[in-house]
Amino acid sequence: MASSDPFTRAVIQAGLTAAAEEMFAVLRKTAMSPIIYEVLDVGTGITDTNGDIVSSGAGIPGFVGVLDKAVKQIIEIYGEDINSGDVFITNDPYWGGVTHLNDVVVAEPVFHGDTRVAWTASIAHWNDVGGKTPGSMAADATEILQEGLRLPAVKLFDKGQKIDSVFKIISVNSRLPDFVMGDLWAQVSAGRRGAKPIKEMAERYGPEELQAAINEAFDIGEARALDGLSKLPEGSFHVSALQDEGDEWHADIHITPKSLTVDLTNAPDQREGPFNTSHDGARIACQLIFKVLTDPTLFANAGSFRPLKVITRKGSIFDPHEPAAHGYYSETRIRLSDMLWQGMAQKMPKRLPSGSFGSICGTVIAGVHPETGRSYTMVEPQMGGWGATSERNGLDAMYSPNHGDTFNCPVEICEARYGIDVGWKALSESPLGNGLYKGGRGMTTSYQPRAKAVMSAGYSHTNVPVWSVAGGEKGGFNTIRVKRPSGEIETYAFASNIKLDLGDEVLIDTANGGGWGSVD
């Protein structure tokens with residue numbers, strides 16, 4: 001029987017948060033790839049026995065939102081065949097992976113005796129999982145089968161026994177097998193580290209008290225969400241946004257004191273290209289906006305999102321039929337959250353800032369290091385300007401608001417690990433985004449390959465400028481160009497297998513944030 005001791009429950013709740021943070025530290029310190037240990041393109045978390053998220057480490061907020069959904073899918077698939085010592089892996093959005101094949105989830109059930117009391121889970125971007133282009137992000141993929149190795153929620157370990165065949169399949173399907181194996185073992189180690197203090201708490205306080213503390217944390221999360229929800233304007237709001245390709249997206253938001261519903265049934269049909277996201281992916285985009293609107297200052301858990309409902313239409317870009325491709329799901333998900341943010345900012349201009357540069361601006365360059373002869377894949381999101389608020393200028397050179405606690409790869413690491421020279425990284429001198437308060441400045445960057453390479457890229461806001469609020473000036477565009485030795489310049493938005501050679505230069509300019517308020 002669980003006690004009613006609030007101090008014990010507070011200790012357990014803090015312990016679960018610490019376990020997720022320890023997982024993050026282990027993953028960061030043991031991974032092979034700079035995209036993990038420098039950029040922190042990862043997420044770690046603890047769920048309860050049913051897969052509801054309890055706590056999370058640092059990293060990408062949208063990644064943390066994947067973990068509970070992945071664990072729930074594993075539970076649905078395996079049912080009672082989940083044992084102490086099992087470790088599961090998935091990367092397939094049709095099998096609990098949620099995002100795209102590069103993002104790999106490793107999950108481990110935590111047992112106290114014969115009782116499952118929790119799960120540890122992590123997600124990390126792997127630089128290459130096969131597919132038709134180095135980096136596994138082909139812009140011309142028409143089905144997920146072309147995007148790389150699919151891991152449909154399979155076991156890595158069975159009752160503590162390593163399944164060698166699965167490790168071999170993963171290794172031989174990557175162009176960077178040593179990096180993939182190193183990153184995989186880092187995730188396994190992180191999960192084991194997180195499981196240790198949970199087992200100790202279950203032993204000390206008992207499984208019932210552990211679950212009682214979790215349930216209390218869920219109730220606190222829900223109460224805070226409802227309190228924030230009560231401060232929002234009630235009613236139904238239609239939002240829409242023009243996209244770079246010329247089409248217009250639509251959604252409806254319904255707000256009551258007890259719930260917020262995002263209706264995406266009027267979304268475009270699924271795309272032939274890699275621009276789809278799963279229902280769970282669309283839900284994560286809505287969760288991010290919901291958290292911003294209701295309770296932006298504290299942790300999130302399953303209770304935080306109980307008042308949120310997301311409706312999608314099967315066969316749409318936000319809920320596609322298999323085998324639709326998902327390689328650039330992140331741009332679709334960011335565009336969705338950007339549209340919802342823009343719609344609510346028009347209703348609450350003094351509460352929400354203007355638009356950010358609104359893109360991951362994912363840039364992938366792959367080749368062979370000219371000095372070491374070792375294959376590399378650089379995966380680098382870009383920084384841009386955030387929107388101004390009603391009280392201050394926007395922030396300069398930040399990652400997408402969806403990207404959370406991530407960092408740029410230091411120039412020294414980039415040049416040492418990859419066959420690339422970084423010509424410069426500098427704040428943008430663009431005057432756009434002016435207003436009573438100015439949008440934050442974007443960045444300008446130059447990459448110069450030192451040998452033959454290939455590039456893939458995915459950029460939004462290349463044709464539609466960054467939006468503003470209350471009469472502020474729009475923030476401009478994101479651009480990626482290749483300058484050839486002849487002086488010829490090629491401009492891209494979504495592209496892959498772009499051939500680069502010695503003397504070529506990749507030039508990147510990210511947008512400023514939108515301005516807030518008129519200067520008149």
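**Aromatic residues in a predicted model**

Reply: In this predicted model, phenylalanine 299 lies in the loop between α7 (279-294) and β11 (308-311).

Me: Why is phenylalanine 299 called partly exposed?

Reply: Its relative accessible area is 44%. Buried means under 20% and exposed means over 50%, so phenylalanine 299, at 44%, is partly exposed. Together with Ile220 and Leu298, Phe299 forms a nonpolar surface patch of about 250 Å² of accessible area.

Me: How many aromatic pairs does the structure hold, and what makes the pair of phenylalanine 290 and phenylalanine 305 tilted?

Reply: The structure holds 11 aromatic pairs. The ring centres of phenylalanine 290 and phenylalanine 305 are 6.4 Å apart, with the planes at 55 degrees. Centres within 6.5 Å make a pair, and planes under 30 degrees count as stacked and over 60 as edge-to-face; an angle of 55 degrees is therefore tilted. Phenylalanine 290 belongs to helix α7 and phenylalanine 305 to the loop between α7 and β11, 15 residues apart. Both phenylalanine 290 and phenylalanine 305 are buried.

Me: Why is the pair of tyrosine 328 and phenylalanine 494 called edge-to-face?

Reply: Their planes stand at 80 degrees, with the centres 5.5 Å apart. Since planes over 60 degrees apart count as edge-to-face, the pair is edge-to-face.

Me: How do you know whether tyrosine 328 is buried or exposed?

Reply: The relative accessible area of tyrosine 328 is 2%, and buried means under 20%, so tyrosine 328 is buried. Phenylalanine 494, with 21%, is partly exposed.

Note on methods
Residues numbered from 1 in each chain as written. Predicted model: local features only at pLDDT ≥ 70, side-chain atom pairs only at ≥ 80, totals over all residues. Heavy atoms only, no water. Patch = residues over 30% accessible without salt bridge, like charges linked within 9 Å, V, L, I, M, F, W, Y side chains within 5 Å. Areas by Shrake-Rupley, 256 points an atom, 1.4 Å probe, with all protein chains shown as cover. Salt bridge = Lys/Arg side-chain N within 4 Å of Asp/Glu carboxyl O. Helix = DSSP H or I, 4+ residues; strand = E, 2+ residues; numbered from the N terminus. Buried < 20%, exposed > 50% of the residue type's maximum accessible area, 1.4 Å probe, protein only. Phe/Tyr/Trp six-rings, centres within 6.5 Å; stacked < 30°, edge-to-face > 60°.
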